[in-house]
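These are my notebook entries on one structure. I set out to look up the ligand shell first, then the surface and the backbone.

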Amino acid sequence: MWEEPDALPRPELDARDFRSALGRFPTGVCLVTTLGSGGRPAGMTVNSFTAVSLDPPMVLWSLSRAASSAPVFREAEYFAVNVLAACDAEIASHFAMQGPDKFAAYAARFAPGIGAVPVLQGAAATFECHTRHRNYGGDHIILIGAVERYAHTDRPPLVFHRGKYAALP
Ligand SMILES: Cc1cc2nc3c(=O)[nH]c(=O)nc-3n(C[C@H](O)[C@H](O)[C@H](O)COP(=O)(O)O)c2cc1C
């Protein structure tokens, strides 16, 4: 299902430089959350979030196979995409690192959503999703979710560009 479908070309490139090129594309920053089968929450900072479809409402993000929480997200029935506000750069940094219990420091900011997935309160927007497709994406797995509930606020978003967090001017 998410194995390489065909042998793909692998041009010789400098991985750091390729990453720098990708970093020229400014993105928002999201905290993706889920609940593991053992009832343990998982969360990671991502900037691969993209809208897919309006009708039916669908979104996607790319999960690194190397992430420590990859097995949890790969199997998750539900996940939430929390679009971070400009004032939440600290949360972005915190959830971009491995840790035994990343939620403990921000417990008061989360409330259970669909599937008991922790949803960040005070995000710029949230999308609560049912995982529908898991597609091959090289060293990532593309997770496509059907949006079952969403919310948005007027909080300005956090931006990621050239390896740094920023706010819109
Ligand atoms: C701005 C930013 C964007 C990121 N985007 C992604 C992404 O789209 N997919 C991904 O798998 N990891 C992404 N990461 C890396 C993960 O946040 C990082 O590997 C984190 O440690 C994963 O959590 P885990 O170790 O608990 O699995 C991003 C990191 C940063 C700082």
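**Entry 1: the ligand.** I began with the strands and found that β3 (41-46) and β5 (58-64) each supply at least two residues of the shell around the ligand. Strands here are DSSP runs of E of at least two residues, helices are runs of H or I of at least four, and both are numbered from the N terminus. I noted that the model is predicted, that local features need pLDDT of at least 70 and side-chain atom pairs pLDDT 80 or more, while totals for chains, interfaces and linings use all residues. Residues are numbered from 1 along each chain as its sequence is written, and side-chain values use heavy atoms, with hydrogens and water left out.

I listed 18 residues around the ligand, the closest being T45, S48, S62, S64 and S69; a residue belongs here if one of its heavy atoms lies within 4 Å. A polar side-chain atom of S48 is 2.6 Å from a ligand oxygen. A polar backbone atom of T45 is 2.8 Å from an oxygen atom of the ligand, and a backbone N or O atom of S62 is 2.8 Å from a ligand nitrogen. The ligand taken alone exposes 640 Å², of which the protein buries 81% (Shrake-Rupley method, 1.4 Å probe).

**Entry 2: helix α1.** I found that none of the eight residues of α1 is buried, so the helix lies largely in the open. Buried means under 20% relative accessible area, exposed over 50%, and partly exposed in between (1.4 Å probe, protein chains only). At the start of α1, a side-chain oxygen of D14 comes within 3.0 Å of the backbone nitrogen of R16. L13 is in the segment before α1 (15-22) and counts as partly exposed at 48% relative accessibility.

**Entry 3: a buried histidine.** I located H130 in strand β9 (residues 125-137). H130 counts as buried because its relative accessibility is 14%.

**Entry 4: the backbone.** Most residues other than glycine have a negative phi, and most peptide bonds are trans. I recorded a cis peptide bond from D55 to P56, with omega near 5 degrees; P56 is in the loop between β4 (50-53) and β5. A116, in the loop between β7 (110-112) and β8 (118-120), has a positive phi near 60 degrees. R162 also has a positive phi, of about 50 degrees, and is found in the loop between β11 (158-161) and β12 (164-167). R162 counts as exposed at 52% relative accessibility.

Notes:
A polar contact is a pair of N or O atoms within 3.5 Å; within protein, one must be able to donate a hydrogen and the other to accept it, and residues adjacent in sequence count only if both atoms are side-chain atoms.
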